[in-house]
Amino acid sequence: MLEVADKIAALDEVIYLIVVSGRFDILCEVVCRDQEDLLRFLTERLRSIEGVRESESFMHLKIVKEIYF
């Protein structure tokens, strides 16, 4: 799993990646220009990484609170 995480982290669109417990193994945040760019990222770049079996996407609609330490 860590090898897959490293490959995903190497993608230019990925700005944040964590290995987690629970339903998912890896969560990452990506920045894309628009929905077409996101579709290209998911179907061409992320899907091409061996070890990625499935993905689920969530789009930011509104940031209500954000704190950095």
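## Overall layout

A contact here means heavy atoms within 4.5 Å. On that basis, 33% of the contacts between residues at least 6 apart in sequence join residues at least 24 apart. The model is predicted.

The protein chain holds two helices and two strands. Their order along the sequence is α-β-β-α. The C-alpha trace spans about 35 × 30 × 20 Å along its principal axes. The chain has 69 residues, and 16% of them are buried.

## The start of the chain

M1 sits in the segment before α1, the helix of residues 2-9. Leaving out residues up to four places away in sequence, M1 touches V19, D25 and I26. The pair M1 and D25 is separated by 24 residues in sequence. In space, their C-alpha atoms are 7.7 Å apart.

## Helix α1

V4, A5 and I8 are the buried residues of α1. Viewed down the helix axis, they fall within an arc of 100 degrees, so they line one face of the helix. An α-helix has 3.6 residues a turn, so residues three or four places apart point the same way.

The cover over these buried residues includes β1, β2 and α2. The face turned away from the buried side carries exposed residues: L2, E3 and D6.

## The hairpin

β1 covers residues 14-19 and β2 covers 26-30. The two strands run antiparallel and are joined by five bridges. Y16 has E29 as its bridge partner in β2. L17 has C28 as its partner in that strand.

Together β1 and β2 form a hairpin, with six residues between them. G22 lies in the turn and has a positive phi of about 110 degrees.

## Helix α2 and its cap

Helix α2 spans residues 35-46. D34 caps its N-terminal end. A side-chain oxygen of D34 lies 3.2 Å from the backbone nitrogen of E36.

Four residues, D37, L38, F41 and L46, are buried in α2. They cover an arc of only 100 degrees around the axis, which puts them on the same side of α2. The buried residues of α2 pack against α1, β1 and β2. On the face turned away from this buried side are the exposed residues Q35, E36, L39 and E44.

D37 belongs to helix α2. Its relative accessible area is 9%, so D37 counts as buried, the cut-off being under 20%. A polar atom of the D37 side chain lies 3.0 Å from the backbone nitrogen of R33.

E13 lies in the loop between α1 and β1. Its relative accessibility is 14%, so E13 is also classed as buried. The side chains of E13 and R45 are joined by a polar contact of 3.1 Å. Beyond its neighbours within four places in sequence, E13 is in contact with E29, V30, V31, C32, F41 and R45. E29 in that list is the β2 bridge partner of Y16.

## The nonpolar core

The largest nonpolar core has seven residues: V4, I8, L11, V14, F41, L46 and I49. Helices α1 and α2 are the elements that give two or more residues to this core. V4 and I8 are among the buried residues of α1. F41 and L46 are among the buried residues of α2.

L11 touches F41, R45 and I49, not counting residues up to four places away in sequence. F41 and I49 are members of the core along with L11. R45 also makes the side-chain polar contact with E13. F41 is likewise in contact with E13.

Note on methods. Residues are numbered from 1 along each chain as its sequence is written. This is a predicted model: local features need pLDDT of at least 70, side-chain atom pairs count only at pLDDT 80 or more; totals for chains, interfaces and linings use all residues. Side-chain values use heavy atoms; hydrogens and water are left out. Buried means under 20% relative accessible area, exposed over 50%, partly exposed in between (1.4 Å probe, protein chains only). A polar contact is a pair of N or O atoms within 3.5 Å; within protein, one must be able to donate a hydrogen and the other to accept it, and residues adjacent in sequence count only if both atoms are side-chain atoms. A nonpolar core is a set of buried Ala, Val, Leu, Ile, Met, Phe, Trp, Tyr and Cys residues joined through side-chain atoms within 4.5 Å. The arc is that of the directions from the helix axis to the C-beta atoms. Two strands pair if DSSP finds at least two bridges between them.
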